[in-house]
Amino acid sequence: GIWGAYTYNILAIGVSALFIVVRYIVEVSLAIQFSNSYDLPTPTLQCVITAVVDTLFVYPHVGLIREINNGIMTPETYPREKASCCCV
């Protein structure tokens with residue numbers, strides 16, 4: 001995640017995003033298995049909230065990968081992109 005973004009390494013950023021997606025799949029399947037084992041209702045709300053939160057984490061990873069691939073974000077263009085941020 002952070003190291004990949006710092007070094008503009010698409011593979012590292014992608015692995016971090018993939019880890020978030022895989023963790024979501026494992027968490028949802030474990031929650032469903034747990035609820036089935038103890039005859040509990042399916043944790044739909046938990047799955048939806050987790051999906052929303054995980055999407056909020058994956059979205060910047062995908063955006064940075066796209067910007068690096070398109071040549072928008074590189075070590076050379078970083079000062080220009082930093083200046084275009086509203087908080088600088």
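The buried residues of helix α2, where buried means under 20% relative accessible area, exposed over 50% and partly exposed in between, with a 1.4 Å probe and protein chains only, are Ala12, Ile13, Ser16, Ala17, Ile20, Val28, Ala31 and Ser35. These buried residues of α2 pack against α1 and α3, contact being taken as heavy atoms within 4.5 Å. An α-helix has 3.6 residues a turn, so residues three or four places apart point the same way. The helices named here are DSSP runs (H or I, at least four residues, with strands being E runs of at least two), numbered from the N terminus.

This is a predicted model, in which local features need pLDDT of at least 70 and side-chain atom pairs count only at pLDDT 80 or more, whereas totals for chains, interfaces and linings use all residues. Residues are numbered from 1 along each chain as its sequence is written, and side-chain values use heavy atoms, with hydrogens and water left out.

Helix α3 has 26 residues and reaches 36 Å from its first C-alpha to its last, close to the 38 Å expected.

We turn next to how these two helices pack. Two packed helices are described by the angle between their axes and the distance between the axes. Helix α2 (residues 10-37) and helix α3 (residues 44-69) pack at an angle of about 165°, with their axes 9 Å apart; here the axes are lines fitted to C-alpha atoms, for helices over the stretch in contact, and angles run from 0 to 180 degrees between N-to-C directions. That angle makes α2 roughly antiparallel to α3, since angles over 145 degrees count as roughly antiparallel, under 35 as roughly parallel, 65 to 115 as roughly perpendicular and the rest as oblique. The contact is made on the α2 side by residues including Ile10, Ile13, Ala17, Ile20, Tyr24 and Ala31, and on the α3 side by residues including Cys47, Asp54, Val58, His61, Ile65 and Asn69. The residues of this contact divide into 15 nonpolar, 6 polar and 3 charged, where Ala, Val, Leu, Ile, Met, Phe, Trp, Tyr, Cys and Pro count as nonpolar, Asp, Glu, Lys and Arg as charged, and the others, Gly among them, as polar.

Within α3, the buried residues are Cys47, Thr50, Asp54, Val58, His61, Leu64, Ile65 and Ile68, and they pack against α1 (2-7) and α2.

The loops remain. Most residues other than glycine have a negative phi, and most peptide bonds are trans. Tyr8, in the loop between α1 and α2, has a positive phi near 60° and is partly exposed at 21% relative accessibility. Asp39, in the loop between α2 and α3, has a positive phi of about 50° although it is not a glycine, and is exposed at 71%.

Key: Expected span 1.5 Å × (residues − 1).
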